[in-house]
Amino acid sequence: MRRFRSICGAMLAMLLSAGAADAQSTIKVGVSQRDLGAMDPAFGIGNGDEFPIRQVFNVLVGPKDGTTNLKLEDLQGELAERWEMAPDARSFTFHLRKGVQWHRGYGEVTAADVAFTIQRMQDPKTGTAYGSNFRDITAVEVTDPYTVTIRLATPNPFFYAFALAPRFGGYIQSKKAVEELGDKFRHNPVGTGAFEFVSYEPKQKVTFRAFDKYWDGKPKVDTLEVLFLPETAARTLAFVKGDVDMIEGATVPGWQASVVKQKPDTVLDLGRPGAIWGFHLNMTRKPLDDIRVRKAIAHAIDQRVWTAAFGDFVSPIYGIAPQGYYGAMTKDDVPKDDWPFVYDPAKSKALLAEAGFPNGFQIELFVTEREEYKSNVLIIQELLRKVGIQINMRVVEHTSYHNDIRRDLNSMIMYSSGQPPLTQAVLNAFYKSSAIVGKPTRNMNFSHYGDIAGNSDALMEQANQEVDDLKRIAMLKQVQIEILRHVPAIPLPSPAGSWMHNGKTLEIGFPVKAYMGTFTMAKASRL
Amino acid sequence: MKYLMANKLTAVGAALCVLLIAVAALSPWIAPQDPLEQSFLTANQGPSEDHWLGTDAFGRDVLSRVLIGSRVSLSIGIIAPLLSALFGVWAGMIAGYLGGWTDRLLSRFSDLLMSFPSLLLGVMVAAALGPSFESAVIAIAVALFPRFVRLSRSATQVLKREPFIDASIASGRGTVSIMLKHVLPNIAGPLVVALSLWIATAIRLEAALSFLGLGAQPPTPSWGNMIRDGMTDLVGDPWPAAFAGAAITLAVLAFNMVGDALRDMLDPEIDT
């Protein structure tokens, strides 16, 4: 009888395992974007585009799986087996892996594809938002099908981090496919990644299947689906019920803790270094043109409130760039004398009185309905109310918000963005005079720093070109202190990339610490 | 009045309306806490001794927010239909009394507005004006306008055939004077009924506009925007949305009960 039982048990086990092997394994990931923008790396914006792009494409050399660590010694080769930077930091040579195949029979990846990608990204006719990352390139030399050298106009030891890292348009594209598919390439991409594109249903989902010729070995799951679930309530419910294996988080105070409480198997995938949250003060507007008023605002902001609201999801910030960014200020770098970013409501009120506002003042601003913007402004609004500054807020639609702040229409601008994890990148985007909104070269300088209060362009440029690491870091910290003394913006605690997955159904293969959806499912398996 | 009191349901409805309006008027004094005060240490909590209706994601007291929120919801709910009536009733009387091309013009215009569902019309107007308290009032007033036009026009048309109107004309009274002295008092009954019912509609519309982000702007609480904000974590912390929803239901029910009772009283032809 015992033997019979064991035979039955064995047969049952065989049946079950056979069933499991036959079943198509699918991983479902819910993103917060309403719909796909583009899967063409030249046009992808936001996590909902970046995550699919990361599955389909590869970079030459990128950070280790699941990280955003761009330190030279920690990089891992993707399409390039090895690479060298010239000692003067003005040229980079990449040696390509042999035999890497494009999806759907578009042939082998060669140096010509790399040259094509860079030319395409540089060409103004392409119309990519990432063109400026490639501006410094003077020549791309193809030595042989597997060797390519990129030459720069000025020394830039971080060129690879600006231009060639995942997320900032640095993915290598197929010359043949881009030319053949034209505009269709946006929603019908051909890459080299672990998953190849199968289908796209607008506002519903994108489906991918495992690429069996993937250079790093065929993925363990057969199908990957990316679902567009913009409503936080719906996305949360889909995750808690187990309909999706992974979701992009929400930026609402207490939300993560609430999900973990409802679903204890949840694994939080907090990517760091985090994104940038900043509250920019338009210094062309009264009374924000007065340094005393700006200092009063800074002294009214208590960073600890964010920690109380968001917990581990945010980390404190000490300068302009979040912790973990190259050149970021640490707690010890914060000047001791008269630093504006110290919570001191009494001083704030005194400064307001000095500036002629003993009873505070009212100011109008508008903000997008998006959670990460609105939640922050609601917290700031309440903190400023305590010192007598009343913010009259108008909530507007996200796209028109982005248009209007770039037309210099707002007085105080909440901005949430991802940048390459380098202090230089943050400075260039927000504090260079050429980046001031309203100028043709505008980027995201909403405060008008550079034209008003102070100008740090020369120091920034000097830091960009400095080849010595220690000197460069010291200069970057010096620029941050110089800028912040004028209080053109209030840097807010930095949010981690917020994803979470079901620990019972999904194993990603490595801890996810990369930000902005730049991690692959190449090593993922269903449990 | 006797009829009103004889009906228990009506009495309850009327009492509720009075209570709601009193609460809205006195809310700054009776709210137990500052409805804007954030406290993340006690965020997302259910009802407790300190917070009778719990707290929201920002740790704000839900009871205080529901009480203060009633000011926005009820004031828009009452002001908007009154504003709408002010214009709509006149337009309807003019159309009904004068007839001819004036009538055709005004009627076609109100038909045009009528062809949009009132919520859609409200959303269009509020979106065009930009989100605020005032634009919510205007949006709802516009949405209800054609209903007042129709009602007062048809009542006026019926009334116009009465001999005493002819008598007034014969005695040399001016048009405006006839409308004020004879037409308005005689069509007031159905208008009052409609007004009380449409207050309930306006409260619902305000909640819908606020839910869509087109009503009162944060941090000012209104019942609609409380539901909207509560949606994000509906499963984890359902309290803000649930209590705001309950408040809307209560208010709509109360005004509808009064409206129904007034109709029964003023419109004897309808047999209930």
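This is a predicted model: local features need pLDDT of at least 70, side-chain atom pairs count only at pLDDT 80 or more; totals for chains, interfaces and linings use all residues.
Mentor: Some ground rules before we start: residues are numbered from 1 along each chain as its sequence is written, and chains are lettered from A and ligands numbered from 1 in the order in which they are written.

Trainee: Thanks! Which pattern does chain B follow along the sequence?

Mentor: Helices (H or I, at least four residues) and strands (E, at least two) are DSSP runs, numbered from the N terminus. Chain B has 10 helices and 0 strands. Read along the sequence, its pattern is therefore α-α-α-α-α-α-α-α-α-α.

Trainee: What percentage of the residues of chain B count as buried?

Mentor: Buried means under 20% relative accessible area, exposed over 50%, and partly exposed in between, with a 1.4 Å probe and protein chains only. The C-alpha atoms of chain B fill a box of roughly 75 × 45 × 30 Å along the principal axes. Of its 272 residues, the buried share is 50%.

Trainee: How far apart do the centres of the positive and negative side chains of chain B lie?

Mentor: Lys and Arg count as positive and Asp and Glu as negative, with His and the chain ends not counted; each charge is placed at NZ of Lys, CZ of Arg, CG of Asp or CD of Glu. Chain B has 17 positive and 20 negative side chains. The centres of the two sets are separated by 14 Å.

Trainee: Where is Val235(B) placed?

Mentor: Val235(B) is partly exposed, at a relative accessible area of 48%. Going along chain B, we find this residue in the loop between helix H9 (223-231) and helix H10 (239-266).

Trainee: Which peptide bond of chain B is cis, with omega near 5°?

Mentor: Look in the loop between helix H8 (175-211) and H9 of chain B, where Pro219(B) lies. The cis bond there runs from Pro218(B) to Pro219(B).

Trainee: Chain A has a cis bond too, between Lys286(A) and Pro287(A). What is omega there?

Mentor: Pro287(A) sits in the loop between strand S13 (276-281) and helix H8 (291-300) of chain A. For the cis bond that joins Lys286(A) to this proline, omega is about -5°.

Trainee: Is Ala89(A) buried or exposed?

Mentor: Ala89(A) has a positive phi of about 60° although it is not a glycine. Its place is the loop between strand S4 (80-85) and strand S5 (91-96) of chain A. At 1% relative accessibility, Ala89(A) counts as buried.

Trainee: What is the relative accessible area of Asn44(B)?

Mentor: Asn44(B) is in the loop between helix H2 (8-30) and helix H3 (62-98) of chain B. Its phi is near 55°, a positive value in a residue other than glycine. Asn44(B) is partly exposed, with a relative accessible area of 22%.

Trainee: Leaving aside neighbours within four places in sequence, which residues is Lys175(A) in contact with?

Mentor: Lys175(A) is found in helix H5 (residues 175-181) of chain A and is partly exposed, at 35% relative accessibility. Contact means heavy atoms within 4.5 Å. With those neighbours set aside, Lys175(A) contacts Asp113(A) and Phe116(A).

Conventions:
Side-chain values use heavy atoms; hydrogens and water are left out.
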